[in-house]
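Here is a predicted model of a protein with a ligand. The questions below go through it in turn.

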Amino acid sequence: MSKHLLEVKNLRIEFPTRRGLLTAIDDVSFHIDEGEVLGVVGESGAGKSLTGAAIIGLLEPPGRVAGGEIIMNGRRIDNLGYEEMRKIRGREIGAIFQDPLTSLNPLYTVGRQLTETIMTHTDMTPTKARERAIELLTEVGIPAPEKRVDQYPHQFSGGMRQRVVIALALCVNPKLVVADEPTTALDVSIQAQIIALLKKLCRDHGTAVMLVTHDMGVIAETADRVAVMYAGRIAEVGPVRQVVKQAKHPYTEGLMGSIPMIGHTGEKLQQIEGSMPRLTNIPTGCAFNPRCPKAFDRCFKERPNTIDVDGTEVACWLYDKEAAHV
Ligand SMILES: Nc1ncnc2c1ncn2[C@@H]1O[C@H](COP(=O)(O)OP(=O)(O)OP(=O)(O)O)[C@@H](O)[C@H]1O
Ligand code: SF4
Ligand SMILES: [Mg+2]
């Protein structure tokens, strides 16, 4: 049996459209270990959110998991019914989205939302659950929690609201939290605080995190491992130090070139020329070939699968040593 907390194996997500099936996620595999932070990066449309949504069982129809498996704690969860998945969501997997208001009900006080979630997933009494809610609000850094617990989401600022969402995601101690760009909608000045809070809480509770972000700086500081996605596929996945400092996939190299260096504020950011292909127009062979400065014949004919290179998985023909001997 797998020792990984979460294992995504050969995941494929499809959308039926009038012009046929669109494959949005194609053969994506990665894992997350207990207590680990996996950063997920890649440009807009790469498939980060769809992958996260599939894990928490909130893929919106007509999108569907058409292949592969998602295994949480040794149990397959991609084929569960709505009710079973609802139990897992919350108890085993928490979710944090970009906009805190998608997770909060505007008509309920934050205390009610926290206590209801706690009571759904545990056998705490209402009094105990309320005490726990106040404790959680304290833990996520909300001032005057005894008073705030009876207030409504609109009475909180954006940053404070996202703190409530973090409390809600962690309230029954899930093993994994899927955080999809948790700070993108917030004021730049408070983004770092929220990331630091998430990181600290998850470390304190031993919670693993799948952290989707566009911010390579956040990845470098927060993640243990990084998955780089491109056009619905994994380009590279490995330990953060290796991926950030010695990127192997040419796409990752391009992405890393776009991190502003501390002390080099005037430096122009490197851009990867061109744009990611549409799902209807993914080139044959390596999906990155039209933009790749290192592309060679094989890249236009065959699609590379991931290969282990010093502990990093890389989907690039440059690393296929066997073929290099041919
Ligand atoms: N309902 C849908 N029907 C058809 N295609 C869809 C649908 N939802 C998403 N897609 C496509 O799936 C691809 C992946 O989308 P996804 O939202 O996962 O990207 P992302 O990496 O999260 O991007 P972003 O950084 O902008 O959030 C995109 O090309 C998108 O157009
Ligand atoms: S497989 Fe070829 S085109 Fe794709 S990233 Fe590697 S070198 Fe570039
Ligand atoms: Mg997204």
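Q: How far is an oxygen atom of ligand 1 from a polar backbone atom of Gly 45?
A: Gly 45 is among the residues that surround ligand 1 in this predicted model. The pair consists of an oxygen atom of ligand 1 and a polar backbone atom of Gly 45. The distance between them is 2.8 Å.

Q: Which residue has a polar backbone atom 2.9 Å from an oxygen atom of ligand 1?
A: The surroundings of ligand 1 include Ser 44, Gly 45, Ala 46, Gly 47, Lys 48, Ser 49 and Leu 50. One of these places a polar backbone atom 2.9 Å from a ligand oxygen, and that residue is Gly 47.

Q: Which residue has an N or O atom in its side chain 3.5 Å from an oxygen atom of ligand 1?
A: Phe 15, Ala 24, Glu 181, His 214 and Leu 279 are also among the residues around ligand 1. Here the protein atom belongs to a side chain, and it is 3.5 Å from an oxygen atom of the ligand. The residue is Glu 181.

Q: How far apart are the C-alpha centres of domain 1 and domain 2?
A: Domain 1 is made of the segments 6-92, 175-260 and 269-319, and domain 2 covers 107-173. Their contact takes 18 residues from domain 1 and 12 residues from domain 2. The C-alpha centres are separated by 30 Å.

Q: How many residue pairs are in polar contact across the interface of domain 1 and domain 2?
A: The two domains bury about 1400 Å² between them, with 62% of it on carbon and sulfur atoms. For polar contact, with both residues at pLDDT 80 or more, the number of residue pairs is 4.

Q: Which element gives the most to the side of domain 1 that touches domain 2?
A: Helix H2 (82-91) and helix H7 (188-205) each give two or more residues to that side. Its residues divide into 9 nonpolar, 4 polar and 5 charged. The element that gives the most, with 8 residues, is H7.

Q: What is omega at the cis peptide bond that joins Pro 61 and Pro 62?
A: Pro 62 lies in the loop between helix H1 (48-55) and strand S4 (64-72). The peptide bond joining Pro 61 to Pro 62 is cis, with an omega of about 5 degrees.

Q: Which residue has a positive phi of about 50 degrees although it is not a glycine?
A: The residue is found in strand S1 (residues 6-17). Its phi is positive, at about 50 degrees, and the residue is Asn 10.

Technical notes. Residues are numbered from 1 along each chain as its sequence is written. Chains are lettered from A and ligands numbered from 1 in the order in which they are written. This is a predicted model: local features need pLDDT of at least 70, side-chain atom pairs count only at pLDDT 80 or more; totals for chains, interfaces and linings use all residues. Side-chain values use heavy atoms; hydrogens and water are left out. Domain bounds come from an automatic or database domain assignment. Contact means heavy atoms within 4.5 Å. Buried area is the accessible area (1.4 Å probe) that two parts lose on being put together, summed over both. A polar contact is a pair of N or O atoms within 3.5 Å; within protein, one must be able to donate a hydrogen and the other to accept it, and residues adjacent in sequence count only if both atoms are side-chain atoms. Helices (H or I, at least four residues) and strands (E, at least two) are DSSP runs, numbered from the N terminus. Ala, Val, Leu, Ile, Met, Phe, Trp, Tyr, Cys and Pro count as nonpolar, Asp, Glu, Lys and Arg as charged, and the others, Gly among them, as polar. A residue is near a molecule or strand if one of its heavy atoms lies within 4 Å of it.
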